[in-house]
Amino acid sequence: MHGYVPVRKRDPGSIHAALNIETYFKLTKSYLKLRTECHSTSYDAITSHMVVVAIRYMILSVERFKNSDNRSLEDLFYGVQREIVNELIDCAIVLMIDTLLDSVREYYHASETQVTELVCLFISRLPENWKIHFQMPNAV
């Protein structure tokens with residue numbers, strides 16, 4: 001990226017999921033025998049064991065979900081699908097803006113200061129509800 005930073009507001013669920021990685025590793029080490037059940041030094045055997053442990057974790061998670069969450073699996077699937085589509089759109093927008101700025105640099109021989117000014121002007125002209133997704137670049 002070239003100075004501007006798209007900022008996407010995350011919903012609490014995705015932040016919660018990021019924090020759950022700690023819980024996942026603690027659970028797999030302590031209760032699902034990630035470290036103690038397989039003593040092989042073979043890469044394939046260790047990888048296979050990690051897959052088995054991950055499947056155990058998924059089975060336990062699905063069972064826990066069935067007992068504690070009123071949402072259907074379909075609701076969860078569409079929620080994840082929406083988040084993935086939003087991330088892909090964000091990546092596509094960033095790629096298009098980067099390509100445009102590279103073209104401006106090359107065609108007009110624009111300096112970084114000029115490109116930064118262009119980005120600031122662009123962001124300032126966006127609708128207010130879109131501006132929150134971008135951070136103004138630092139002055140060059």
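Reply: Start with A110. Setting aside residues up to four places away in sequence, A110 touches V104, R105 and V115. Keep in mind that this is a predicted model.

Me: Where is A110 found?

Reply: A110 sits in the loop between helix 3 and helix 4.

Me: Why is A110 called buried?

Reply: Its relative accessibility is 17%. Buried means under 20%. Therefore A110 counts as buried.

Me: What makes up the largest nonpolar core?

Reply: Nine residues make up this core: I97, L101, V104, A110, V115, V119, I123, L126 and F134. Helix 3 (73–108) and helix 4 (112–124) each supply at least two of its residues.

Me: H109 is in the loop between helix 3 and helix 4. Why is H109 called exposed?

Reply: H109 has 68% relative accessibility. Exposed means over 50%, so H109 counts as exposed. H109 also has a positive phi of about 55 degrees, although it is not a glycine.

Me: Why do R105 and D102 count as a salt bridge?

Reply: Their side chains meet at 3.0 Å, N to O. The cut-off is within 4 Å, from a side-chain nitrogen of Lys or Arg to a carboxyl oxygen of Asp or Glu. So the pair R105 and D102 qualifies.

Me: How far apart are R105 and D102 in helix 3?

Reply: They are three residues apart in helix 3, so about one helical turn separates them.

Me: Are R105 and D102 buried or partly exposed?

Reply: R105 has a relative accessible area of 14%. That is under 20%, so R105 is buried. D102 has 35% relative accessibility. That falls between 20% and 50%, so D102 is partly exposed.

Me: How do you know that E37 and R56 form a salt bridge?

Reply: Their closest N and O atoms are 2.8 Å apart. The limit is within 4 Å, so the pair E37 and R56 passes. This pair links distant parts of the chain. E37 lies in the loop between helix 1 (12–30) and helix 2, R56 lies in helix 2, and they are 19 residues apart.

Me: Why are E37 and R56 called partly exposed?

Reply: E37 has a relative accessible area of 36%, and R56 has 27%.

Me: What makes E128 and K131 a salt bridge?

Reply: The closest N and O atoms of E128 and K131 are 3.0 Å apart. With a limit of within 4 Å, the pair therefore counts. Both residues lie in helix 5 (residues 128–131), about one turn apart. Elsewhere, salt bridges that share partners join D102, R105 and E112 into one network.

Me: How many salt bridges are there by this rule?

Reply: The count comes to four.

Me: Which residues make the nonpolar surface patch of about 370 Å²?

Reply: V51, I55, M58 and I59 make it. V51 lies in helix 2 (residues 43–68).

Conventions: Residues are numbered from 1 along each chain as its sequence is written. This is a predicted model: local features need pLDDT of at least 70, side-chain atom pairs count only at pLDDT 80 or more; totals for chains, interfaces and linings use all residues. Side-chain values use heavy atoms; hydrogens and water are left out. Patches are made of residues with over 30% relative accessible area and no salt bridge: like charges are joined within 9 Å, nonpolar side chains (Val, Leu, Ile, Met, Phe, Trp, Tyr) within 5 Å. Accessible areas come from the Shrake-Rupley method with a 1.4 Å probe; for residues, only the protein chains shown count as cover. Helices (H or I, at least four residues) and strands (E, at least two) are DSSP runs, numbered from the N terminus. A nonpolar core is a set of buried Ala, Val, Leu, Ile, Met, Phe, Trp, Tyr and Cys residues joined through side-chain atoms within 4.5 Å. Buried means under 20% relative accessible area, exposed over 50%, partly exposed in between (1.4 Å probe, protein chains only). Contact means heavy atoms within 4.5 Å.
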